[in-house]
Amino acid sequence: MLLDGFGRRVDYLRLSVTDRCDLRCSYCMPQGFKGYEEPGHWLSFDEIERLLAVFARLGLRRVRLTGGEPLLRKNLPDLARRLAALPGIDDLSLSTNGTQLARFAAPLRQAGVTRLNVSLDSLERERFRSICRRDALPQVIDGLEVARSEGFRSIKINMVAMAGTTDAEIDAMVAYCMERGFVLRLIETMPMGETGRSAGFLDLRPVRERLRRRFGLIDGVVPGGGPARYLVAPDGSFQIGFITPISQHFCETCNRVRLSVDGALHLCLGREDRVEFRPLLRGGCSDDELEQALLEGLRRKPARHEFGEQTGRIVRFMSMTGG
Ligand code: SAM
Ligand code: SF4
């Protein structure tokens, strides 16, 4: 079992396969951003597979493909197939902005991806364009319809709630998800990079109480629901999660680490602590040495983020770490 220095079991990895993206969500990536990691620094599929096999031998059980936009990485279904086949890995999921989902839903499902998280901040085309800086809502909606027909075990919609997100927009998203059997999750903006700080924070606690009354929801527990606190319909037909890293942090139950495209293992989203695996992988190290580096790194995993206290501290933005 992989335990950190505070006795938390870490069995979940968010694996960034690219830091590139076809959108420029205002809370995530600066508009004219060009400072991408150079391709020579990207971990290859062979390197990723080797490293994750070592992690899985030590107790890693769940992997989420993310980015940047993971569907921009060439041959992603091949990587998914290789990771799904690793002994010990029993859950492979994907976070995507959905712009290319119509094309990739079927190959990814066949490759062994069982759960999808799709980011969708608004159902109004113009508002979507102003948040994500591309007129791509129709593609995302199409992608979601294709994904629905592919039999994924769950499809979750991630909606970042920021200053300016209205009650009407949230209610429309609730209705959309209820009709399609999607789980909705509302996320507070995190102050990652200038982008995250400038988006404007919306405290989700009052939103949660309003939705509880408006839709007759009750507190619920969703297996594998991660850090979200859930409200559910009494008949179980709908679930909405609230991810509140700022107003109510959940670090004491943190079970995850993040591997960025350049092979750095980030031990906490809100801290700089990391383990650099690329030099080890390319320097001819043994699997034992990779194991030791992981175990030693986990002992250094911080107790909690300090987004509340140190709002200017994290200069990298979410797409660089693998959100
Ligand atoms: N491109 C994919 C997507 O959008 O789902 C995967 C990567 S994205 C960085 C992962 C998640 O991070 C998305 O749900 C996005 O909304 C969220 N995110 C990005 N920046 C954020 C911020 N500053 N605060 C909170 N969530 C953020
Ligand atoms: Fe791209 Fe996802 Fe960041 Fe939006 S949130 S800019 S889709 S990486």
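A residue is buried if its relative accessible area is under 20%, exposed if over 50% and partly exposed in between, with a 1.4 Å probe and protein chains only. By this definition, both phenylalanine 55 and phenylalanine 277 are buried. This is a predicted model, in which local features need pLDDT of at least 70 and side-chain atom pairs count only at pLDDT 80 or more, while totals for chains, interfaces and linings use all residues. Residues are numbered from 1 along each chain as its sequence is written, chains are lettered from A and ligands numbered from 1 in the order in which they are written, and side-chain values use heavy atoms, with hydrogens and water left out.

**Aromatic pairs**

- The structure holds three aromatic pairs; rings of Phe, Tyr and Trp (its six-membered ring) pair if their centres lie within 6.5 Å, and planes under 30 degrees apart count as stacked, over 60 as edge-to-face and the rest as tilted.
- Phenylalanine 33 and tyrosine 36 form an edge-to-face pair, at 5.4 Å centre to centre and 90 degrees between the planes.
- Phenylalanine 33 is buried, with a relative accessible area of 16%.
- The ring centres of phenylalanine 55 and phenylalanine 277 are 5.6 Å apart and their planes are at 65 degrees, so this pair is edge-to-face.

**Charges over rings**

- A charge sits over a ring if NZ of Lys or CZ of Arg is within 6 Å of the ring centre and within 35 degrees of the ring normal.
- Arginine 62 has its charged end over the ring of tyrosine 12, 4.6 Å from the ring centre.
- Arginine 214 has its charged end over the ring of phenylalanine 215, 4.8 Å from the ring centre.
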